[in-house]
Amino acid sequence: MGQIPGCKPGLEPQAQALRPDIMVHFTAEEKAAITSLWGKMNVEEAGGEALGRLLVVYPWTQRFFDNFGNLSSPSAILGNPKVKAHGKKVLTSFGDAIKNMDNLKTTFAKLSELHCDKLHVDPENFRLLGNVLVIILATHFGKEFTPEVQAAWQKLVSAVAIALGHKYH
Amino acid sequence: MALSAEDRALLRALWKKLGSNVGVYTTEALERTFLAFPATKTYFSHLDLSPGSAQVRAHGQKVADALSLAVERLDDLPRALSALSHLHARQLRVDPASFQLLGHCLLVTLARHYPGDFSPALQASLDKFLSHVISALASEYQ
C-alpha cells in the first residue's frame with residue numbers, strides 16, 4: 001500500500017511539513033506509551049525484522065540495497081546478516097528520536113542530509129518503514145498495543161519521517 | 001503486482017481462520033483509524049464514535065462483508081466492488097487516502113491478534129490484497 005498516485009498514509013502530519021517551524025508536540029501520555037514499549041524492545045532483533053519486512057512487502061525498496069547479497073526470498077531477506085546489521089543501525093537511531101521527541105528536526109538534520117542529498121531516498125519510503133515498525137510492535141506487544149498506544153506511535157513515526165524528509169524542502 | 005497463487009492460498013487460509021470474526025477485527029481497525037488518524041472521523045460525524053459504539057460495530061461488519069466478498073472474487077475485484085466504489089466516490093465522497101489508513105490499521109489489528117501467523121509473506125500478501133481492493137474502490141472516482 002502507499003503506491004497509488006496521490007495517496008499517502010498519514011494525512012494530518014503532512015500539514016506539519018508546510019510549517020517546519022512548528023515542532024510536533026507529544027503529550028505526557030504519548031511519551032509514556034512510546035518509552036514504555038521502547039524499553040522492552042530488543043532493538044537489534046526488531047531492527048532487522050523491520051528492515052527485512054520492508055524489503056519483503058515493498059520489494060522496490062531493495063533498490064537501495066543492491067550490495068546486500070541474497071535477497072531472493074522472505075527467508076533469505078530476514079536471515080541476511082547485512083539486513084540485520086543495517087536494520088539495527090536504523091532502529092538505534094530511532095532510539096535517538098525517542099530521547100529527543102521535542103526536537104526531531106535537529107536530531108535528524110544530518111541523517112536527513114544523508115538520505116536526501118546523498119542516498120536520494122524517496123521520503124515515501126520513510127513512511128512505509130514507520131508503518132512496518134508499527135505492525136511489528138503489534139505482533140510483539142499484542143494486547144498492550146492498544147489503539148491509544150498505536151496512535152502515539154503513529155504520531156512518532158510520522159514525525160520522524162517528516163524530519164528525515166526535511167532536507168528536500 | 002497481481003496476486004500469485006501463494007498470495008491467494010495465504011489469504012484464503014487466513015480468512016478461514018478468522019471465520020465469523022472478521023467483523024470484530026474490522027471494527028477494531030476502524031477504532032484504531034479514528035484514534036491514529038483523527039481527520040478520518042469527519043466522514044462519520046453522523047455516528048456515535050465512542051468506544052464500543054454499536055454504530056461503529058455495524059459499519060465494521062459492512063466493511064467485513066465487503067472484504068470477505070473480495071476474498072471470494074479475487075479475479076474480478078473492480079466489478080465485485082463497483083457499486084461500493086460508486087457509493088464512496090459519488091455519494092460519500094471519501095478521499096481514497098483514507099482507505100489506505102484503514103487498510104494499515106487492519107494490518108495492525110490482525111498482527112496484534114495473530115502474531116504467530118503474521119509472517120512477512122502473509123503481511124506481503126495481505127498488503128497486496130488490500131492495495132487491489134483500494135484500487136478497485138477508487139476505480140469509479142475519475
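Trainee: What's the mean pLDDT of chain B?
Mentor: This is a predicted model, and the mean pLDDT of chain B comes out at 94. As for the cut-off of 70, 100% of the residues in chain B reach it or go above.
Trainee: Which elements of chain B have the lowest and highest mean pLDDT?
Mentor: Helix α5 of chain B, residues 82-92, has the lowest at 91. The highest belongs to helix α2 of chain B, residues 22-36, with 98.
Trainee: And what are the scores for the model?
Mentor: The ipTM is 0.94 and the pTM is 0.91.
Trainee: Okay, switching to the interface. How many residues are in contact between chain A and chain B?
Mentor: 30 residues from chain A and 30 from chain B.
Trainee: What area is buried between chain A and chain B?
Mentor: About 2,700 Å², and carbon and sulfur atoms give 67% of that.
Trainee: Which elements of chain A give two or more residues to the side that touches chain B?
Mentor: Those are α3 (43-57), α8 (124-141) and α9 (147-164) of chain A. Of these, α8(A) gives the most, with six residues.
Trainee: How do the residues on that side of chain A divide into nonpolar, polar and charged?
Mentor: On the side of chain A that touches chain B, 17 are nonpolar, eight are polar and five are charged.

Technical notes:
Residues numbered from 1 in each chain as written. Chains lettered and ligands numbered in written order. Predicted model: local features only at pLDDT ≥ 70, side-chain atom pairs only at ≥ 80, totals over all residues. Heavy atoms only, no water. Contact = heavy atoms within 4.5 Å. Buried area = accessible area lost by both parts, 1.4 Å probe. Helix = DSSP H or I, 4+ residues; strand = E, 2+ residues; numbered from the N terminus. Nonpolar A, V, L, I, M, F, W, Y, C, P; charged D, E, K, R; others polar. pLDDT = per-residue confidence, 0-100.
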